[in-house]
Amino acid sequence: MVNKRKIGVLVSGRGSNLQALMDEIAAGTLNVEITVVISDKKDAFALERAEKAGIKAVAVSRKECASKEEFEEKITAALEEAGAELVVLAGFMRILSPAFVGHWHHKIVNIHPALLPSFPGLDGQGQALNYGVKIAGCTVHFVDEGTDSGPIILQKAVPVLDDDTHDTLADRILEQEHKALPEAVRLWSEGRLQIEGRHVKVLPAER
Ligand code: GRF
């Protein structure tokens, strides 16, 4: 049997996207192994979820590092120790430096709660609601040196309803995030993502 590909997941908060990955792995629909979960927040609920599932959970506090460089070096060391081949940003709320992104070139994916290139940065859901768009959604993309600007792997759309509040729209988008992120990681694990400049081609499944 072929070894499962190993991924590391970076989180900052409640970890519902991490949970979606763990649930699909448990269900047998995602054939990867999460070998480490790393949070920049010691009290992130995501760390508890990882521990409960028997996954190595590591907190790397930015405040306890002398520089951003040291902070990222610690993250890279934990990822490498865990043998991670892909870094999944699942609600990780820090901008990574060009040095980190360069080290993990085309090996970092991020889930963003908006249809990029619209509404990058913080609170994509609120930005969409305030703008008055009729369609919102989420994007999974490879990470490049910009903010939410890397090549797009897949997107899922949802309607924006007249009576939406921030919470109702965010919940509708989150439901799609929980499908999009495992789907993108599955495509990666099957070797089906081919990056050509800004374009990510999804190759057909092997039969
Ligand atoms: C998600 O909406 C994600 O797109 C955004 O932060 C949120 C994280 O949620 N970047 P969770 O921690 O995965 O529950």
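Asp-123 lies in the loop between β5 and α5. In this predicted model, the phi of Asp-123 is near 50°, a positive value in a residue other than glycine. Pro-117 is found in the loop between β5 and α5 as well. The peptide bond that leads from Leu-116 into Pro-117 is cis, and its omega is near 10°.

**The open sheet**

How many strands does the open sheet have, and in what order? There are seven, in the order β3-β2-β1-β4-β5-β6-β7, and their pairing is mixed. The edges are formed by β3 (57–59) and β7 (152–159), each of which pairs on one side only. On average, neighbouring strands of this sheet are turned by 20° against each other, direction ignored.

Strand β4 (residues 86–89) and strand β5 (residues 108–112) run parallel and are joined by three bridges. Within this part of the sheet, Leu-89 stands opposite Asn-110 of β5. Strands of a sheet pair through backbone hydrogen bonds, in either the parallel or the antiparallel sense.

Two helices lie against the sheet. Helix α1 packs on it and touches β1 (5–11), β2 (32–39), β4 and β5. The direction of α1 makes about 160° with that of β2. Helix α2 (residues 45–52) lies across β1, β2 and β3, and runs at about 155° to β3.

**Helix against helix**

| Helix pair | Axes | Angle |
|---|---|---|
| α1 and α6 | 9 Å apart | about 55° |
| α5 and α6 | within 9 Å | roughly 125° |
| α1 and α2 | within 9 Å | roughly 20° |

Helix α1 (residues 16–27) packs against α6 at an angle of about 55°, and the two are therefore oblique to each other. Their crossing is right-handed. On the α1 side the contact is made by Ser-16, Asn-17, Ala-20, Leu-21 and Glu-24; on the α6 side it is made by Leu-174, Glu-177, His-178, Leu-181, Pro-182, Val-185 and Arg-186. By class, the residues of this contact are six nonpolar, three polar and three charged.

Helix α5 (residues 124–131) crosses α6 at roughly 125°, which makes α5 oblique to α6. The crossing of α5 and α6 is right-handed. Which residues of α5 meet α6? They are Gln-125, Gly-126 and Leu-129, and on α6 they meet His-166, Leu-169, Ala-170, Ile-173 and Glu-177. Four residues of the contact of α5 with α6 are nonpolar, three are polar and one is charged.

The axes of α1 and α2 cross at roughly 20°. That makes α1 roughly parallel to α2, because angles under 35 degrees count as roughly parallel. The crossing of α1 and α2 is right-handed. Ser-16, Leu-18, Gln-19 and Met-22 of α1 meet Ala-46, Arg-49 and Ala-50 of α2. This contact of α1 with α2 holds four nonpolar residues, two polar ones and one charged one.

**Helix α6 and what follows**

Next comes a hairpin. Strand β8 (residues 193–196) and strand β9 (residues 199–202) pair in the antiparallel sense over four bridges. Two residues lie between the strands of this hairpin. Gly-197 in the turn has a positive phi of about 65°. Glu-196 has His-199 of β9 as its bridge partner.

Terms used
Residues are numbered from 1 along each chain as its sequence is written. This is a predicted model: local features need pLDDT of at least 70, side-chain atom pairs count only at pLDDT 80 or more; totals for chains, interfaces and linings use all residues. Side-chain values use heavy atoms; hydrogens and water are left out. Axes are lines fitted to C-alpha atoms, for helices over the stretch in contact, and angles run from 0 to 180 degrees between N-to-C directions. Angles under 35 degrees count as roughly parallel, over 145 as roughly antiparallel, 65 to 115 as roughly perpendicular and the rest as oblique. A crossing is left-handed if the near helix is turned anticlockwise from the far one by less than a right angle, and right-handed if clockwise. Contact means heavy atoms within 4.5 Å. Ala, Val, Leu, Ile, Met, Phe, Trp, Tyr, Cys and Pro count as nonpolar, Asp, Glu, Lys and Arg as charged, and the others, Gly among them, as polar. Two strands pair if DSSP finds at least two bridges between them.
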